[in-house]
Amino acid sequence: MKCTRRTFIKSGLLATAGIPLLQGCVLSENKEVRDELFELFRNPPGSSKPFVRWWWNGDKLSAKEILRELDIMKEAGIGGVEINPIAFPGGDDLGIPSMTWLSPEWIEMVKVALKGADERGITCDIIVGSGWPFGGEFLQPEEQSQLLTLTGQKVTGPGRIELKTEDLLKEASPQVHSTFKGAFSELHSLHLAPVEMSVFTPTQPLPFEKGSETVTVDIPEGEYVLYALVKVVGFQSVINGAPGAAGPVLNHYNQEAVEKFLNRMSDHLFPAIKGKGFRAMFCDSMELEGANWCYDFPEEFRRRRGYDVEPYLPFILYKVGHMGHAVEGTVATLLTGAAKEEVDRVRYDFFVTCMEVMRDRFLRPYTQWCNQHDYKSRVQTYGREFHPLEASMEVDIPECETWLWFADAEKKQTMADNPAYTNVNKFVASAARFSGKKIVSCEEITNTSAVFNATLERIKVVGDQSNLSGVTHSILHGFNYSPVEVPFPGWIRYGTFLNERNPWWPYFKLWATYKARLSTVFQETEPFADIAVMHPLADMWTKHGPQRDPFPGLLYPAYQYKVWESIHRSGNSCDYISENILQQSTFKKGFLTYNTRTYHTLILLETESIQPETATALAEFVRAGGKLIFVGKEPHQSPGWKGHEENDAKVKQTIDALKRSASPSQLFTVPAPGEDMLAWFKGIQQQCGIQPYLQIDAPNPYVSQIRHRTKERDFLFIANYSTDQRIDLNVRFTEAGGRTAWIWDAETGEKYPYPSAAAGGELHVDLHPATSQLIVFEKAAETTATPASPEENPQGIELRGWKVRLEHINGQTGELDMEIPVDLSADPRTQSFAGHLYYTKELEGTAVSHYLDLGRVYGVSEVTVNGEPLGCKWYGRHIYRLPEHLAKASTKAIEVKVTTTVGNYLKSSPDNKTGYGWTSWQPFQPLGLVGPVRLL
């Protein structure tokens, strides 16, 4: 690749980003006071570089291949790996046998990886077990996950019915994603309930003989619902578990089983590595498919909630389907009035108890186990079993998820209405901030829909959105262990084809370096937020139960995850907050403070149910001068069943008194938003007197921002995540305080005075597609910046008559003549191309031109003019500045190299089972240089 750091700078990347090239503005090294943060930014430490999930496919391992892949990753700018044994994905295994997790030979491979990583300056994490959730063939029945589920049927009396136990168990069997064939089911209880109930009447369990093949039920006169509650043990299998850690899933509600499972790893592996080598132990997605039971759950519920849950189980449980969702259309009692309210409140208590037991018996012991062995805990703490915010405060490195979704042009999906970050990111980032953690880890560019079709531009936009959601470090999804001898494309479990056989892999380091510099700044500075947002979690859990985050079955309210976006796009920043955090906060001089976090405004989203202590905290905040905003609804009751009447009265009295006494400039009730979230929040800013720190003349749904700061500096990261729109904004940073605006260029590691900065923090921000800027306000020596001239001519001279050479990755070559460049995927002759395209044209007698604008490019471009390399572009606008001697040259021999993805090729290769399996259903993607190509 011809793209050296020197040519990179000379090519004028700032012009590509919408900022004129600056000359003579970099302070010389010998005149500059040492700036530790900027030096870190220029030369990011390994801990800031992207890590990768390193799938050890099938544990078909060799020391030679492990070291070869570590070399590849090191060269690509990857700073760390997460060793992740996983089931073999299929394909030609070359006859290589699988090693068993924790076997002596497998442990030797781990030692090779640790030693090799250490020699290369690469950090290592490791997943506990294999696949997800935790589990293994070695688990005893009492250690396996348990589910209490049910089935219901209408019956009419008087009469006696006889039912086969086998039929009841089969009907209640959970329809889960990953079934364990060795599951055991037993009838837990039978209940006869009315078809309708307006006042709750407990049902008494019906007698039956345990283990009997049939059950007999006497039905009184009338219509009833007969509920059969069924306990299923070992119902779920580890998803994609490798040999030795596949089989049934662990019961995470059983602390003894949890500790035994963890000790199995520490007893076998840790002595062999002598307690060295790893940064963190990793726990992947907690997709427990609805697991909700353990041997002493009724006793735990009674101890924690103060009453018996058993009479309510037929009404709060449900038949379990895919990923723990309720199966729709099942027979159940129609609850109305007081009965519905009572059951709803018990439902809240049930799920809160599940979360508490999970926290106390799994999450805390897990972190304690990690720390006991001098490792950190890294956990994805979300899903039905966890509090979406507070659980992440329990671990050392909380982790969230950002996905690379397939861009469906026909559905007109955009990165604004279908963002890459998931709903959990803001919860996890907020938790990290409350607990003083600098690292907000993210499973990033998770890709199961656009495999083999991910571009570096798409990866950049996804990564930018991840940072905007609060992420400070990336664990990429992922790098497949795959020997070079495996036929193309190799062993592929999932992912974005991060592999040396990917044509654009030589350019990957450009993005990795960019990302590392951003991560360095975000980890070394303090994230800023001035608004706290509280979701109606208690109301959602009461009415619907917790959701399967990060892909919830419903949103409550429907717009709940659009609020933070509108806040940031409008020049403020926010964190999420919970009732417990609010109750532990202090209130003074108009601010809500928890640890180092402070907020002048608190927004409650359609919140009806809060604890009395929360209501008291709200009143204290307003009395201290803070702004409180109720959206759509106002709190008027408490969650939970026991003592609810007294608690309801306390909440209502506190809120009513607050409404009577609060100043109109502090307490507001505003309507829920409609479709236009930006207009809605702008109205709130105006009505409630909320001043944005970044005043934006025309907020745009494709542009967002975050703010970080140190004692002397403020950092604004602004990103345009449209891949086809150029967006101009006039902004003013209201807290500039006489400081100078600079660009810290995350691609080059240089810094420059912001070219359009005016007094008072005013900036003209010109964002080309997929472009971001790191703007820093700091006190710095004055320098002279001279924008490049002449100014661009938006018309320019369009270049026609191109010769195109095609070099396919399969070794084939070809040539084409094109009057103007076109999308190669539109032509059946070329739509299956993958590799390198060389567009050439010779010009005679041209006028002076200072730029070569390639127009739209699908892929990575490199340009040479008269044999001189001008650099490369891997995202956004592909415009190249011509050095003065080339600008004036009357003869110009232009060559444009474009490197593509491999998806179209694999889609056209049905004999390639691995590649075709991932791409057959994807549409052909645009390819090559599309233009128009112009000299400007």
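Q: Where is the place of Met109?
A: Met109 is in helix H5, residues 104-119. Helices (H or I, at least four residues) and strands (E, at least two) are DSSP runs, numbered from the N terminus.

Q: And is Met109 buried or exposed?
A: Met109 is buried, because its relative accessible area is 11%. Buried means under 20% relative accessible area, exposed means over 50%, and partly exposed is in between (1.4 Å probe, protein chains only). The C-alpha atoms of Met109 and Asp59 are separated by 9.4 Å, with the two residues 50 apart along the chain.

Q: Ok, what kind of model is this, and how are residues numbered?
A: This is a predicted model, where local features need pLDDT of at least 70, side-chain atom pairs count only at pLDDT 80 or more, and totals for chains, interfaces and linings use all residues. Residues are numbered from 1 along each chain as its sequence is written, and side-chain values use heavy atoms, with hydrogens and water left out.

Q: What does the pLDDT average over the protein?
A: The average is 93, and 94% of the residues score at least 70. pLDDT is the predictor's confidence in each residue, from 0 to 100.

Q: Which residues have a pLDDT below 50?
A: Residues 1-32 are one such stretch, with 87 contacts in the model beyond near neighbours in sequence. Residues 409-413 are also below 50, and that stretch has 4 contacts beyond near neighbours.

Q: New topic: which strands close into a barrel?
A: There are 8 strands, in the order S2-S3-S4-S9-S11-S12-S13-S14, and the pairing is parallel. The twist averages 30 degrees from one strand to the next. Axes are lines fitted to C-alpha atoms, for helices over the stretch in contact, and angles run from 0 to 180 degrees between N-to-C directions.

Q: What counts as pairing?
A: Two strands pair if DSSP finds at least two bridges between them. In a sheet, strands pair through backbone hydrogen bonds, either parallel or antiparallel. As an example, S9 (residues 278-283) and S11 (residues 376-379) pair in the parallel sense over 4 bridges. There, Cys283 has Val379 in S11 as its bridge partner.

Q: Which strands does helix H4 touch?
A: Helix H4 (residues 63-75) packs on the sheet and touches S2 (51-57), S3 (80-86) and S14 (473-480). The direction of H4 makes about 155 degrees with that of S2. Helix H13 (residues 456-468) lies across S12 (397-403) and S13 (441-446), running at about 150 degrees to S13.

Q: What's the order in the open sheet?
A: The open sheet has 5 strands in the order S17-S16-S21-S22-S23, with parallel pairing. S17 and S23 (667-670) stand at the edges with a single partner strand each, so one side of each is left without a neighbour in the sheet. The twist here averages 20 degrees from one strand to the next.

Q: Which way do the residues of S16 point?
A: In S16 (residues 531-534), Ile531 and Val533 point one way, Ala532 and Met534 point the other way, and all are buried. S16 runs parallel to S21 (residues 601-605), joined by 4 bridges, and Ile531 has Thr601 as its bridge partner there. S16 also pairs with S17 (residues 574-577) in the parallel sense over 4 bridges, where Val533 has Tyr576 as its partner.

Q: Last one: what sits over the ring of Tyr880?
A: The charged end of Lys873 does, 5.0 Å from the ring centre. A charge sits over a ring if NZ of Lys or CZ of Arg is within 6 Å of the ring centre and within 35 degrees of the ring normal.

Technical notes. Contact means heavy atoms within 4.5 Å.
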